[in-house]
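Reader: Could you take me through this structure with the criteria spelled out as we go?

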Amino acid sequence: MDYHKKIAKFGLDIGAVKVRPTKPFNWVAGDIMPVYNDNRLFLEHPSYRRLFAECFAKIISDENIACDVIAGTANSGIPFSTTLADLLEKPLIYVRKNSKGHGMENQIEGIDSESDLLRDKNVILIKDLISTGETSMNAINAIRNKNGNCNYCFSIFDYEFPVSKNDFESLNPPCQVRSLLTYDQLFEVAKNSDYFNKQEIQLLEEWRKDPFNWSKKYNF
Amino acid sequence: MDYQKKIAKFGLEIGAIKLRPSDPFKWASGYFMPIYNDNRMFLWYSEYRRLFAEGFAKIVKDENIDCDIIAGTSTAGVSPCVTLSDLLMKPLVYVRNKPNTHGMEKQMEGMNVKPSGKKVLLIEDLISTGGSSIAAVNAVRAEGADCNYCFSIFNYGLEKAESAFQNLEPLCQTRSLLTYKILLDAAKEENYFNKKEFELLEEWESDPFGWGKKHFPQKYNN
């Protein structure tokens, strides 16, 4: 079985991916969506933490990606980046959403604020989830501001919204995305199993066509 | 060399632990203290991440501590907690200082069902005055789980923190890879300071909150 199918099935089983068409979720950015993804629920399962790290490591070796440092986004990217960095025995840092309002805290943790340790290092950014892409952009820019190269962002789950795809491609240089599971892969798995009923599948198909206007259309 | 001194020496070398007896740090609480610690600086060194996890695992094994779930305090305790829970193949959660305001986020993240009756081992990077550690212990207990052990990479050994842990009902025991005493021994072996400075550092231990005022009164007047 392909690993993305295995991850999709298990994610649906443990509720890491939830669908609630009649009582949609409020996303952090304010959008009202019928789907919710919480990869933190995988943390309970050490074999999946390990599987994610092995899959990420496989992408690195298959594509021969240069990698000096692993970076996780705070909070939910930290666990997955740690397991990967441990597996590869690489340096680890984590990136906060922004440095404003944190006083003493740096946006990048794990190096001194004045340190030049990241200069010319190839940093792979680990996200648990890519939705609108906003936190990824913020983290990539923070790494690049410290003179690190950040040309790859790996995630466990990616909605592959046009807005995030466009953001990653518009960066100069672009940042390439690799995800263990995409929304479309997940949907295929769910459709061919008994996870959603017919009505839910229809609704998700409808949502997928215009996700950011879906809630208005249905008066949520 | 035992692993504790190894951690102390490396921490001093990379600046994760800073000792400045003659030019103290101002802590967030306003007190001037001769020590500063940022264990996140160890993250760069995978060998040390591993060493911390092995150190924690050894305590679990030596003391035969029951442990179903490993919890890390957000954010600095999360990474050390991950490496440990990977080593022990245990479920992992992380605990926020306070619950998040939006959506489905909880103070304790990583579990779908309440961990009622489960034995949770809490991992902190640093125990200072104990405030955030105690809040994390209480957050775990509020979920119905037992939290009777809190491990840290470093513990300053402040009386305030010790008594806060002791006063919990039931009490929560602390274990630390590194203590202030081990740190001073390591600094001595490496001749980091002169005699006068070591005396200042030793004195801090007996009266940490009065130390700054006594030796650097002018700093408190500014």
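Author: Two residues are in contact if their C-beta atoms, placed from the backbone, lie within 7 Å. The model is predicted, so local features need pLDDT of at least 70 and side-chain atom pairs count only at pLDDT 80 or more, while totals for chains, interfaces and linings use all residues. Residues are numbered from 1 along each chain as its sequence is written, and chains are lettered from A and ligands numbered from 1 in the order in which they are written.

Reader: Leaving aside neighbours within four places in sequence, with which residues is A:Leu125 in contact?

Author: A:Leu125 is listed with those having the most contacts inside the largest nonpolar core, a core being a set of buried Ala, Val, Leu, Ile, Met, Phe, Trp, Tyr and Cys residues joined through C-beta atoms within 7 Å. Buried here requires 20 or more other C-beta atoms within 10 Å of a residue's own. Beyond four places in sequence, the contacts of A:Leu125 are A:Ala71, A:Thr73, A:Ser136, A:Ala139, A:Ile140, A:Ile143, A:Cys150 and A:Cys153.

Reader: Within what arc do the buried residues of α6(A) fall?

Author: Helices are DSSP runs (H or I, at least four residues) and strands likewise (E, at least two), numbered from the N terminus. In α6 of chain A, residues 183-191, the buried ones are A:Tyr183, A:Leu186, A:Phe187, A:Val189 and A:Ala190. They line one face of the helix, because the directions from the helix axis to their C-beta atoms fall within an arc of 160°.

Reader: Which strands stand at the edges of the six-stranded open sheet in chain B?

Author: The order is β7-β6-β5-β8-β9-β10, with mixed pairing, where two strands pair if DSSP finds at least two bridges between them. Each edge strand has a single partner, so one side is left without a neighbour in the sheet, and these strands are β7 (108-109) and β10 (173-179) of chain B.

Conventions: A residue is buried if 20 or more other C-beta atoms lie within 10 Å of its own, exposed if 12 or fewer, and partly exposed in between; C-beta atoms are placed from the backbone.
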